[in-house]
Amino acid sequence: MTRTINRNDAFTGLEAAIVLIAFVVVAAVFSYVVLGAGFFTTQKSQEVVHTGVSTASSNIAILGEVYGDATGAGQSGSPHIHTVIFSVGEAAGGTPVDMNRTRMTFQNSSNFQTLDWASTLMPAAGVCGAAYPANNQWAICSSQNSDGDTLLEEGERFTVWARLTPDTSGSLPARDQFTIDIKPDLGAALSVARTTPGGIDPMNLLY
């Protein structure tokens with residue numbers, strides 16, 4: 001009688017190959033998903049870091065000294081500083097700042113003022129030394145390396161005159177501490193903290 005021998009070696013090898021290919025495909029897909037998620041997480045982390053840095057750091061910086069103008073402000077009686085003068089430029093690594101969208105506030109021991117942007121007083125109007133901004137306003141009175149607009153860009157320098165609101169005791173008397181906060185629309189505010197000297201002259205260097 002003839003015996004029939006069933007041999008499944010060929011089928012077993014084929015099945016093993018199919019299982020191996022399936023494992024390779026699944027591992028490749030899983031690796032792709034994991035790598036994609038890692039790249040996405042890294043990109044989001046970089047965005048958060050960049051956003052945090054741009055928000056926490058100021059895009060403008062004070063260039064040079066800060067001066068207080070007391071010209072004609074009761075020199076025969078009790079002189080006081082009515083205008084604070086300083087220059088600003090773009091901070092290292094910062095982004096351009098649109099100055100006409102910048103807010104400015106003044107504060108000392110006795111009062112708090114929000115200084116308005118004097119849009120009509122621009123470098124072309126020649127206000128430096130010829131006229132002051134109105135009370136409670138600030139203006140760009142001169143510029144260097146500027147292209148004629150109010151966008152403070154790299155290499156440019158704007159000289160700002162901040163006119164305070166005079167009162168009977170003087171806006172900034174002698175030995176008075178004050179802070180001017182410059183708040184651009186993007187980035188942290190820049191605080192300019194100074195103290196008036198013991199004796200006030202028509203033009204004063206503030207420390």
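The talk below goes from the whole chain to single residues and pairs.

Modeller: Keep in mind that this is a predicted model.

Colleague: How many helices and strands does the protein chain have?

Modeller: The protein chain has one helix and 11 strands. From the N terminus on, the order is α-β-β-β-β-β-β-β-β-β-β-β.

Colleague: What share of the protein chain is buried?

Modeller: Buried residues make up 31% of its 207 residues. The accessible surface comes to about 12,400 Å². Carbon and sulfur atoms hold 58% of that surface.

Colleague: What part of the contacts joins residues at least 24 apart?

Modeller: The figure is 60%, counted among contacts between residues at least 6 apart in sequence.

Colleague: Which residues touch the most other members of the largest nonpolar core?

Modeller: They are Phe86, Met104, Trp138, Ile180 and Ile182, out of 28 residues in that core. Several strands give two or more residues to this core, including strand 2 (83-90), strand 4 (103-108), strand 6 (137-144) and strand 9 (177-183).

Colleague: What does Met104 touch beyond its neighbours in sequence?

Modeller: Leaving aside residues within four places, its contacts include Phe86, Leu115, Trp138, Val160, Ile180 and Ile182. Gln113, Thr114 and Asp181 are also among them.

Colleague: Why is Val88 called buried?

Modeller: Val88 has a relative accessible area of 1%. Buried means under 20%, so Val88 qualifies. Val88 lies in strand 2. Not counting residues up to four places away, Val88 touches Ala61, Ile62, Leu63, Met99 and Phe158, among others. The C-alpha atoms of Val88 and Ile60 are 6.5 Å apart, yet 28 residues separate the two along the chain.

Colleague: What makes Asp185 and Arg101 a salt bridge?

Modeller: Their closest N and O atoms are 3.7 Å apart. The cut-off is 4 Å, so the pair counts. Side chains of opposite charge can pair when their charged atoms come close. A search of the whole structure finds one salt bridge.

Colleague: Where do the two partners sit?

Modeller: Asp185 is in the loop between strand 9 and strand 10, and Arg101 is in the loop between strand 3 (97-98) and strand 4. The pair links distant parts of the chain, 84 residues apart.

Colleague: Why is Arg101 called exposed, and why is Asp185 called partly exposed?

Modeller: Arg101 has a relative accessible area of 54%. Exposed means over 50%, so Arg101 passes. Asp185 has 42%. That value lies between 20% and 50%, so Asp185 is partly exposed.

Colleague: How many aromatic pairs does the search find?

Modeller: It finds two aromatic pairs. Phe106 and Phe178 form one, 6.0 Å centre to centre with 35 degrees between the planes.

Colleague: Why is this pair called tilted?

Modeller: Stacked needs planes under 30 degrees apart, and edge-to-face needs over 60. Phe106 is in strand 4 and Phe178 in strand 9, 72 residues apart. Both are buried.

Colleague: How do you know that Trp117 and Trp138 are a pair, and a tilted one?

Modeller: Their ring centres are 4.8 Å apart, within the 6.5 Å limit. Their planes stand at 55 degrees, so this pair is tilted as well. Trp117 is in strand 5 and Trp138 in strand 6, 21 residues apart. Trp117 and Trp138 are buried.

Conventions
Residues are numbered from 1 along each chain as its sequence is written. This is a predicted model: local features need pLDDT of at least 70, side-chain atom pairs count only at pLDDT 80 or more; totals for chains, interfaces and linings use all residues. Side-chain values use heavy atoms; hydrogens and water are left out. A nonpolar core is a set of buried Ala, Val, Leu, Ile, Met, Phe, Trp, Tyr and Cys residues joined through side-chain atoms within 4.5 Å. Buried means under 20% relative accessible area, exposed over 50%, partly exposed in between (1.4 Å probe, protein chains only). Helices (H or I, at least four residues) and strands (E, at least two) are DSSP runs, numbered from the N terminus. Contact means heavy atoms within 4.5 Å. A salt bridge is a side-chain nitrogen of Lys or Arg within 4 Å of a carboxyl oxygen of Asp or Glu. Accessible areas come from the Shrake-Rupley method with a 1.4 Å probe; for residues, only the protein chains shown count as cover.
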